[in-house]
Amino acid sequence: MASEKVETVVAGNYVEMEREEGPEESCSIKTKLSNFLWHGGSVYDAWFSCSSNQVAQVLLTLPYSFSQLGMLSGILFQLFYGFMGSWTAYLISLLYVEYRTRKEREKVDFRNHVIQWFEVLDGLLGKHWRNIGLFFNCTFLLFGSVIQLIACARIWSFLGLIMTTYTAWYLTIASLLHGQVDGVKHSGPAKLVLYFTGATNILYTFGGHAVTVEIMHAMWKPQKFKLIYLLATLYVLTLTLPSASAVYWAFGDMLLDHSNAFSLLPRTGFRDTAIVLMLIHQFITFGFACTPLYFVWEKFLGVHETNSIMKRSLARLPVVIPIWFLAIVFPFFGPINSTVGSLLVSFTVYIIPAMAHMITFAPAAARENAVERPPSFLGGWAGMYSINIFVVVWVFVVGFGLGGWASMMNFIQQVNTFGLFAKCYQCPPHKPKL
């Protein structure tokens with residue numbers, strides 16, 4: 001009888017999710033240093049991972065988006081989609097906690113198994129939702145991995161964040177020191193196609209939580225994830241708003257033909273350092289985005305829970321080789337970011353989590369027995385459902401509908417500037433010497 005009482009309390013307080021620390025753990029300096037650099041289960045690790053993964057090369061295209069949107073709309077869309085992305089990350093965390101708590105009560109052991117988003121959908125809503133989630137998530141991660149070219153270890157996330165921070169402030173300071181170019185114009189927004197293309201690129205920027213569940217599963221106390229993504233977003237905004245605003249202020253409409261902000265700044269040691277750091281960061285983020293794909297493929301082959309590193313390494317080759325090939329063939333940058341954002345991120349990161357949350361807790365019994373209930377300041381379940389409905393309608397109409405139309409039109413207009421196996425992306429044609 002006593003054990004049943006403890007079990008109920010344990011499930012309700014997530015204790016079954018918490019990392020058990022025994023007295024046998026060493027407190028030596030070597031162990032503490034190792035845990036700081038390589039252990040990936042703390043709140044700080046999750047914050048570093050979210051912040052580092054949320055903005056990478058897209059940092060270089062945000063000034064391009066500002067030239068399409070104009071300064072005011074660019075700032076407002078960053079704030080709007082930043083908080084909307086944090087909201088859906090919050091929903092994903094609630095669904096994960098709900099799913100895992102139910103499974104833990106059924107005595108399911110996850111010690112050698114990494115929970116993924118499609119499994120959460122499967123456990124809460126059934127196989128049809130699982131298949132939808134699997135399709136959109138894997139497709140987005142495939143293209144996301146190509147664009148980026150999971151380390152839960154804090155050292156990699158920490159280094160990645162340092163690199164992004166340096167690049168953002170380099171863009172800001174270098175643009176302000178450079179000053180405005182002669183005859184600078186700030187005509188955006190000029191066309192609806194460009195306006196919604198820029199807005200969709202920002203939608204993509206703050207839709208980097210396709211790996212949220214994997215980050216949560218690596219945490220010792222995943223119930224603490226709820227506000228981590230919001231805090232990560234707030235930090236990222238301190239990087240994206242100043243850098244995009246400063247570059248657009250300095251170069252204006254020139255950015256419409258230069259989707260990479262580096263191309264307009266003069267070559268200096270600081271710029272070369274930023275380029276090298278961003279390239280290194282791309283490899284870190286590439287590994288981050290690929291890891292969920294690895295896990296899906298391992299589960300498909302039945303080697304996910306094996307202890308053989310060799311088997312799992314060999315199993316991952318069919319995933320990484322095609323991604324590298326696609327990255328070499330196609331220049332996934334600028335207009336392609338917006339296309340991926342409108343067609344994939346809209347559903348993967350915004351629409352599916354909001355709809356899944358509403359359907360999961362539609363029955364009165366599910367709301368009554370929910371592990372996490374809506375905070376009172378949101379207006380309870382009615383307030384939460386209202387926000388979810390708004391997210392679904394807005395992203396479907398503006399992100400997927402108008403954004404998809406604008407991104408495809410912009411993509412078609414520029415497709416002849418891409419080229420396959422291009423040595424230089426959207427560079428002016430080489431003029432032969434006379």
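Is Glu98 buried or exposed? Select Glu98 in this predicted model: with a relative accessible area of 3%, Glu98 is buried, because the limit for that class is under 20%.

**Helix 5**

Arg102 is partly exposed, at 30% relative accessibility. Both residues are in helix 5, four residues apart, so about one helical turn separates them.

Next, select Arg100 and Glu104. They also form a salt bridge, and the closest N and O atoms are 3.2 Å apart. Both Arg100 and Glu104 are buried. These two are likewise four residues apart in helix 5, so about one helical turn lies between them.

**Another salt bridge**

Move to Arg373 and Glu368, whose side chains meet in a salt bridge at 3.8 Å, N to O. Here Glu368 is exposed, with a relative accessible area of 52%, and Arg373 is partly exposed at 45% relative accessibility. The search of the whole structure finds eight salt bridges.

**The interior**

Zoom out to the whole chain. It has 16 helices and zero strands, and 54% of its 434 residues count as buried. Now select Tyr81, Trp117, Val120, Leu171, Phe225, Phe251 and Tyr350, which have the most contacts inside the largest nonpolar core, a set of 92 residues. Helix 5 (residues 71-105) supplies the largest share of this core, 13 residues. Another core, of ten residues, lies apart from it; Cys138, Cys290, Leu293 and Tyr294 are among them.

Centre on Phe251. Leaving aside residues up to four places away in sequence, Phe251 touches Ser175, His178, Val181, Val184, Leu264 and Leu265.

**The annotated spans**

Colour the spans that the unreviewed UniProt entry annotates as "transmembrane region", including residues 75-97, 342-366 and 378-402. In the model, residues 342-366 are 88% helix and 0% strand, with their end C-alpha atoms 32 Å apart. Residues 378-402 are 92% helix and 0% strand, and their end C-alpha atoms lie 29 Å apart.

**The surface**

Switch to a surface view. The chain exposes about 20,300 Å², of which carbon and sulfur atoms supply 68%. Select Leu192, Ile389, Val393, Phe396, Val397, Leu402, Trp405 and Met409: together they form a nonpolar surface patch with about 730 Å² of accessible area. Helix 16 (residues 380-414) gives the largest share of the patch, seven residues. End at Trp405, which is in helix 16 and is partly exposed at 39% relative accessibility.

Key: Residues are numbered from 1 along each chain as its sequence is written. This is a predicted model: local features need pLDDT of at least 70, side-chain atom pairs count only at pLDDT 80 or more; totals for chains, interfaces and linings use all residues. Side-chain values use heavy atoms; hydrogens and water are left out. Buried means under 20% relative accessible area, exposed over 50%, partly exposed in between (1.4 Å probe, protein chains only). Accessible areas come from the Shrake-Rupley method with a 1.4 Å probe; for residues, only the protein chains shown count as cover. Patches are made of residues with over 30% relative accessible area and no salt bridge: like charges are joined within 9 Å, nonpolar side chains (Val, Leu, Ile, Met, Phe, Trp, Tyr) within 5 Å. A salt bridge is a side-chain nitrogen of Lys or Arg within 4 Å of a carboxyl oxygen of Asp or Glu. A nonpolar core is a set of buried Ala, Val, Leu, Ile, Met, Phe, Trp, Tyr and Cys residues joined through side-chain atoms within 4.5 Å. Contact means heavy atoms within 4.5 Å. UniProt positions are given in the numbering used here, feature names are shortened, and annotations may be inferred rather than shown by experiment.
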